[in-house]
Amino acid sequence: MDGEGGADDRDPSVVRVLIVDDDPLVRAGLAMILAGDRTIRVVGQAADGAEVPAAVAVQRPDVVLMDIRMPGVDGLAATEALRRRPGAPEVLVLTTFDADEFVLRALRAGASGFLLKDTPPGQIVEAVLRVARGEAMLSPSVTRQLIAHVAVVAPPPRDRAAELLGRLSAREREVALAIARGRTNAEISAELFMSVATVKAHVSRVLAKIDLNNRVQVALLVHDAGLV
């Protein structure tokens, strides 16, 4: 585990990133890409999912870039364990394949999106910044493709998804559907004629009622129910 910044010098305007990948060249490349943006700081690196808990405790990152396939403890297991913890950082999964059962499972566990390892540098930076702001890094079309691919061997739990969405009020259900269509809070505000603050309140209630922790999980649930 490599540390690149102390945990006691936090600047709230800077996004702190932990890079987790078993390939040192990949870690170095990502660190160099992110270092090009002055609002991002790479605070640590890890080569195995087993190193993630200690690295997160010490470096307190806002975002973890997590390789999905690693020897030892893989990125899926590390993401599942990390996202169960209170106050966990956001997770962006790194993968070579854009239709991977491991990726879908990581998203269901609470990852905020995924990036292909050959993603252009500028898009990697933008993805990190978006996820740090609490936005989903997963388009509706990608969600459909991913679920359709994996559903061949693992059909989505449609009945369970419908039961969970049934807990929502009519207005909360509209918000959940808008999230699944990739709408931002501002776009939902315009579509449903409510203030952005009200949208945020509805999003919080949706997450609480169905026991989820981010917008990607809401989108996946709506897709599982066959509503988009």
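## A buried aspartate

D74 is buried (under 20% relative accessible area, where exposed means over 50% and partly exposed lies in between, with a 1.4 Å probe and protein chains only) yet forms no salt bridge. R69, the nearest side chain of opposite charge, is 6.8 Å away. Here Lys and Arg count as positive and Asp and Glu as negative, while His and the chain ends are not counted; a salt bridge requires a side-chain nitrogen of Lys or Arg within 4 Å of a carboxyl oxygen of Asp or Glu.

The residue D74 is found in the loop between β4 (63-67) and α3 (75-83). Helices (H or I, at least four residues) and strands (E, at least two) are DSSP runs, numbered from the N terminus. A polar atom of the D74 side chain lies 3.1 Å from the backbone nitrogen of L76. Leaving aside residues up to four places away in sequence, D74 touches I68 and F102, contact being defined as heavy atoms within 4.5 Å.

## Basis of the model and overall composition

The model is predicted: local features need pLDDT of at least 70, side-chain atom pairs count only at pLDDT 80 or more, and totals for chains, interfaces and linings use all residues. Residues are numbered from 1 along each chain as its sequence is written, and side-chain values use heavy atoms, with hydrogens and water left out.

The protein comprises 11 helices and 6 strands. Of its 228 residues, 47% are buried. Among contacts between residues at least 6 apart in sequence, 69% join residues at least 24 apart.

Helix α2 covers residues 52-59, and its residues V52, A55, V56 and Q59 are buried. These residues lie on the same side of α2 because they cover an arc of only 100 degrees around the axis; the arc is that of the directions from the helix axis to the C-beta atoms. Just after α2, R60 adopts a positive phi of about 50 degrees.

In helix α9 (residues 185-192), the buried residues are N185, I188, S189 and L192. Viewed down the axis of α9, they fall within an arc of 105 degrees and so line one face of the helix. The elements that cover these buried residues include α8 (170-180), α10 (196-209) and α11 (215-224).

With 75% relative accessibility, F193 counts as exposed.

D211 is placed in the loop between α10 and α11. The phi of D211 is near 55 degrees, again a positive value in a residue other than glycine. D211 is exposed, its relative accessible area being 68%.

Methods: A polar contact is a pair of N or O atoms within 3.5 Å; within protein, one must be able to donate a hydrogen and the other to accept it, and residues adjacent in sequence count only if both atoms are side-chain atoms.
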